[in-house]
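Hi there,

Here is the structure I promised to pass on. Please have a look at it, and then read on for what turned up.

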Amino acid sequence: MQHSLEDITMVFVRPMEYRVLIDNFKIIHGDCMNIIGNFPDKSFNAIFADPPYFLSNGGISVHSGKAVCVDKGEWDKGGTPEHIYLFNRQWLSLCREKLTDNGSIWISGTYHNIFSVANCLTELGYKILNVITWQKSDPPPNLSCRYFNFSTEYIIWARKSAKVPHVFNYEVMKQMNGEKQMTDVWKIPAVGSWEKHCGKHPTQKPLRLLYRIILACTNEGDTILDPFAGSCTTGIAASLLGRNFVGIEQEQEFVELGKRRKQEIDDPISAQKILKKMRENPEEVMVLVNHARKELREKMIANGICYMRAGESKGSLQVAPGFERMKYLLLHTNGDNPQLYQLKTPGKFKIWAKETLEEHGFAPEHAKYYVVLEFLNKPVEFKKTPQLKQRGNTYKARIIPLSELVDLR
Ligand SMILES: C[S@@+](CC[C@H](N)C(=O)[O-])C[C@H]1O[C@@H](n2cnc3c(N)ncnc32)[C@H](O)[C@@H]1O
């Protein structure tokens, strides 16, 4: 049985200030160890947890170009290995009952806590599915020069039970990755300043990371729990993707920060800006969108060849940043009947003379030279058909991020 968000958070109605209520987004202020057990069993389709890593132990790191002592807050101060183990075991044990049978959990960490988390997961009957390596594209330098530079964090993905299959939106992940199976190494930049308009959290996770996680393992309308919510990055990604969110956070200042972040995306203009920022991911797969008359388009598909004039005129292609990440071609006829194809060699094009196109059965009329892209002529299926007419001038060829075009939800 699927619980409503009201059922799930019902236990927290009194006192009212105990929870922050904003439609499908709820933050509960308190210690998750006392709260998780109160939710009805099987309330959540997925859990993302970014627990204390216990790394605030007086080490040195670099922040804004200066050497600083690692101190994320009291909640992150180290304990003995036994303390770390008992802590992880307690919250992971509470969480397991609250997952739906096909639900899954993601836990982030570094070597300080992640091995303890993995042991607890196995002991408690979870089944580990993957260990994602999040490779930060812009890590701060290592000052001691006695180690390799730390540039990764790990995210363990596990399902509730060995027996019941979990939700995995495999095709969506593959599409995001240019039709290649997505690997367990994710190159994503650390949190940008655009993610901190509402205030700062010392260990905020990048929105792109949570966006991908939520897309991978949930569907629209599902409910996600984050027991260590911090600034509610999980909740922001969940809301942008049409999922429900319940977060628990023990520090009042971070509850307020989460609330402000949610209010920010409730403004459609800000939400659009944030989504656009996410699409500026330097790893994002790009698509060439190109109009072709019906007969020409059929010929292009039959030959697996798409061509257009280079230069400034209508219908021509201007090579724009992101060209090298272009993995798809979208052919349409004045915005109608869009079809998506994979390029044979991503990010590569040829320049052909008019005569070469003629040798392939085409009859180009407007220029001496053309930009030519070769593609695999088996179309890639859409989850939802893109509405190209909403985008204005449909004749102009353009290179845009895949996520701007294809609704991955
Ligand atoms: C690593 S941070 C999470 C950051 C979050 N992922 C984000 O993007 O902002 C961990 C958070 O858990 C909170 N916390 C630590 N122990 C907690 C507990 N027992 N119950 C609830 N919150 C806790 C801390 O105050 C901190 O904000």
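Among contacts in the protein chain between residues at least 6 apart in sequence, 71% link residues at least 24 apart; two residues are in contact if their C-beta atoms, placed from the backbone, lie within 7 Å. The chain has 12 helices and 18 strands, where helices (H or I, at least four residues) and strands (E, at least two) are DSSP runs numbered from the N terminus. Of its 409 residues, 35% are buried. A residue is buried if 20 or more other C-beta atoms lie within 10 Å of its own, exposed if 12 or fewer, and partly exposed in between.

A word on what you are holding: this is a predicted model, in which local features need pLDDT of at least 70 and side-chain atom pairs count only at pLDDT 80 or more, while totals for chains, interfaces and linings use all residues. Residues are numbered from 1 along each chain as its sequence is written. The mean pLDDT (the predictor's confidence in each residue, from 0 to 100) of the protein chain is 87, and 86% of its residues reach 70 or more. Over residues 13-21 pLDDT stays under 50, and the model has 15 contacts beyond four places in sequence for them. Where pLDDT is low, the predicted coordinates should not be read in detail.

H6 is largely enclosed by the rest of the structure, because 10 of its 11 residues are buried; Arg-208 and Arg-212 are among them.

Strand S2 (residues 25-29) is largely enclosed too, since five of its five residues are buried. Phe-25, Ile-27 and His-29 point one way from S2, and Lys-26 and Ile-28 the other way. S2 pairs with S11 in the parallel sense over five bridges (strands pair if DSSP finds at least two bridges between them), and Lys-26 has Val-246 as its bridge partner in S11.

S11 (244-249) also matters for the next topic, the ligand: this strand and helix H2 (32-35) each supply at least two residues of the shell around the ligand. In total 19 residues surround the ligand, the closest being Asp-50, Phe-228, Gly-230, Ser-231 and Thr-233; a residue counts as near if its C-beta atom, placed from the backbone, lies within 6 Å. By class, the shell has seven nonpolar, seven polar and five charged residues.

Ser-231 sits in the loop between strand S10 (223-226) and helix H7 (233-240). Is Ser-231 buried or exposed? Ser-231 counts as buried, because 29 C-beta neighbours lie inside 10 Å. Beyond four places in sequence, its contacts include His-201, Gln-204 and Arg-261. Ser-231 and Lys-200 are 31 residues apart along the chain, with their C-alpha atoms separated by 7.9 Å.

Best wishes

Methods
Nonpolar A, V, L, I, M, F, W, Y, C, P; charged D, E, K, R; others polar.
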